[in-house]
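Here are my notes on the model, written for someone reading a structure for the first time. Please keep the structure open while going through the points.

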Amino acid sequence: MRYDLHCHSTHSDGLLAPAEVVRRAASRGVDVLALTDHDEVAGLEEARAAADETGITLVPGAELSVSWEELTVHVVALGIDPSNAGLLAGLAAIRGGREGRARRIAESLATAGIADAYEGARRHVTAERLISRTHFARFLVEAGHVREMKDVFSRYLTPGRPGYVPHAWAALSDAIGWIHAAGGQAVLAHPGRYRVSPSGLARLLGEFRDLGGDAVEVRSPSHDASQVAQFASLARSYGLAASSGSDYHGPGESRVDLGDLPPLPDGVDPVWKDW
Ligand code: AMP
Ligand code: MN
Ligand code: MN
Ligand code: MN
């Protein structure tokens, strides 16, 4: 069975509509797909209908933005009830902060000489209520400030660079609580991406586990081979299961396509063990 448990649609910062994501995954041999839009479940209904037509198994998901210590971390929710009121309120609260943040990102870019970035990013937004740094990144490429999407985040939008603004997302305890109340599993997304010391990583994993977190994303395009081994080993020692997801955002933007990650390494408990 081929699992891909992390990807995005036009309901957040992906380039394909939910039905297109589902059909693409099915045609590429994915058996079980989770659609995990940032802070949003609105694409799941369309994804469900497409999954029923193609015969692929759809796992309802989302990717929650969380502030932990001074970092932003992402928690993938798998197997949630997308109509759960507490989860919906939590997601709405996270999304609510994005508009003001986008204004502040644009002000920061203006200070660096890049005008009208808010309007520019808005032109790339595909779901009215979700504006993300990806939309600013697409604007920066379109406006010629950076040649390729893969180079945007090293020059803009990240700590120390123009267009980065600090932002308070959900608390880790709240995010895990909402996911569990909605019947889902909480997965710490792409841990290799966080700029954190070894002791900080240990604190993050320990806290995540103590709060009831279920799994760690071991396979991710953000991880090289040594990080896959590192997080497989950490998952085992923290008693967490392991997940795998392409984090696909769309053609031309994602190096790893739907379903293209290798299987999980041996010796970990897959997050889908009891599905
Ligand atoms: P936001 O949730 O608005 O902070 O936007 C985060 C999104 O920006 C991520 O989900 C990615 O799609 C994108 N992103 C962040 N950092 C990078 C990076 N270094 N390279 C490519 N995309 C990135
Ligand atoms: Mn994204
Ligand atoms: Mn993420
Ligand atoms: Mn993602």
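1. A helix here is a DSSP run (H or I) of at least four residues, and helices are numbered from the N terminus. The model is a predicted one. Just after helix 2 comes G55, whose phi is positive, at about 90°.

2. Which residues of helix 2 are buried? In this helix, which covers residues 44-54, they are L44, A47, A50 and A51. Viewed down the axis of helix 2, its buried residues fall within an arc of 125°, so they line one face of the helix. An α-helix has 3.6 residues a turn, so residues three or four places apart point the same way.

3. The other side of helix 2 carries the exposed residues E45, D52 and E53. As for the buried residues of helix 2, what covers them includes helix 1, strand 2 (32-35) and strand 3.

4. Next, the metal sites. Which residues are the protein donors of the manganese ion (ligand 3)? They are E63 (OE), H74 (ND1) and H190 (NE2), and they lie 2.1 to 2.2 Å from the ion. Along the chain these donors of ligand 3 follow the spacing E-x10-H-x115-H.

5. Are E63 and H74 buried or exposed? E63 has a relative accessible area of 1%, so it counts as buried. H74 has a relative accessible area of 13% and is buried. The cut-off for buried is under 20%.

6. The manganese ion (ligand 4) is 4.5 Å from ligand 2, and the manganese ion (ligand 3) is 5.7 Å from ligand 2.

7. How many salt bridges are there? The count comes to 15. Side chains of opposite charge can pair when their charged atoms come close. One of the bridges joins D39 and R98, at 3.0 Å from N to O. D39 sits in the loop between strand 2 and helix 2, while R98 belongs to helix 3 (residues 85-111), 59 residues apart. D39 and R98 are both buried.

8. R129 and E40 also form a salt bridge through their side chains, at 2.7 Å from N to O. This pair links the loop between helix 4 (117-122) and helix 5 (133-142), where R129 lies, to the loop between strand 2 and helix 2, where E40 lies, 89 residues apart. R129 is partly exposed, at 47% relative accessibility, whereas E40 is buried, with a relative accessible area of 3%.

9. A further salt bridge joins the side chains of D210 and R209, at 2.9 Å from N to O. D210 is exposed, with a relative accessible area of 60%, and R209 is partly exposed, at 34%. Lastly, R24, R28, D257 and D260 are linked in a network of salt bridges.

Definitions and conventions
Residues are numbered from 1 along each chain as its sequence is written. Chains are lettered from A and ligands numbered from 1 in the order in which they are written. This is a predicted model: local features need pLDDT of at least 70, side-chain atom pairs count only at pLDDT 80 or more; totals for chains, interfaces and linings use all residues. Side-chain values use heavy atoms; hydrogens and water are left out. Donors are N, O and S atoms within 2.8 Å of the metal (3.2 Å for Na, K and Ca); water is not among the atoms, so sites may look incomplete. Buried means under 20% relative accessible area, exposed over 50%, partly exposed in between (1.4 Å probe, protein chains only). Helices (H or I, at least four residues) and strands (E, at least two) are DSSP runs, numbered from the N terminus. The arc is that of the directions from the helix axis to the C-beta atoms. Contact means heavy atoms within 4.5 Å. A salt bridge is a side-chain nitrogen of Lys or Arg within 4 Å of a carboxyl oxygen of Asp or Glu.
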